[in-house]
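Student: I'd like to learn how to read salt bridges and a nonpolar core in a model. Can we go through one together?

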Amino acid sequence: MNKVDYAKVSSDNIKFLLIKNNMSIRHLAEKIGVAPTTLNDSLKSKKGVAIDSLIKIAECFNLTVNDLCNSSLIELENTSKSDIMFINKFSLLDSHGRDIVSLIIDKELERIMNET
């Protein structure tokens, strides 16, 4: 099982949101009530952003803390809604279900490659 570095994922997502929304660290820090240096240091730290700040940041961007911590928003930005729904459904499967779906995908890819 892959271990997720929640601090890094959330920091990367916050940096992405700042760029996407043309917002400075200073502006976001003011909105969530922390010093800009504190937010900047937290984004660079291996410990990441404090949970109370994560909650406020998520609210600023109309997201959940789960959104900030569990998946790359950069990757999701380039992913279609149907792909996200498929990924969410796939993640709910047990190992047996994932093996079956992977087998089906492999067979379909093989079929498509043989048609060309």
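Tutor: Helices here are DSSP runs (H or I, at least four residues), numbered from the N terminus. This is a predicted model, where local features need pLDDT of at least 70 and side-chain atom pairs count only at pLDDT 80 or more, while totals for chains, interfaces and linings use all residues. Residues are numbered from 1 along each chain as its sequence is written, and side-chain values use heavy atoms, leaving out hydrogens and water.

Student: What joins the side chains of Lys8 and Asp12?

Tutor: A salt bridge, 2.8 Å from N to O. The term means a side-chain nitrogen of Lys or Arg within 4 Å of a carboxyl oxygen of Asp or Glu.

Student: Which residues do shared partners join into one network?

Tutor: Take the pairs in turn. Arg111 bridges to Glu108 at 2.7 Å, and Glu115 also meets Arg111 at 2.7 Å. Those shared partners link Glu108, Arg111 and Glu115 into one network.

Student: Is Glu115 buried or exposed?

Tutor: Exposed, with a relative accessible area of 57%. The cut-offs are under 20% for buried, over 50% for exposed and partly exposed in between (1.4 Å probe, protein chains only).

Student: And the core?

Tutor: In soluble globular proteins, nonpolar side chains tend to be buried together. A nonpolar core is a set of buried Ala, Val, Leu, Ile, Met, Phe, Trp, Tyr and Cys residues joined through side-chain atoms within 4.5 Å. Of the 18 residues in the largest one, Ile14, Leu28, Leu39, Ile57 and Leu68 touch the most other members. Helix 1 gives the largest share, four residues.

How values were computed
Helices (H or I, at least four residues) and strands (E, at least two) are DSSP runs, numbered from the N terminus.
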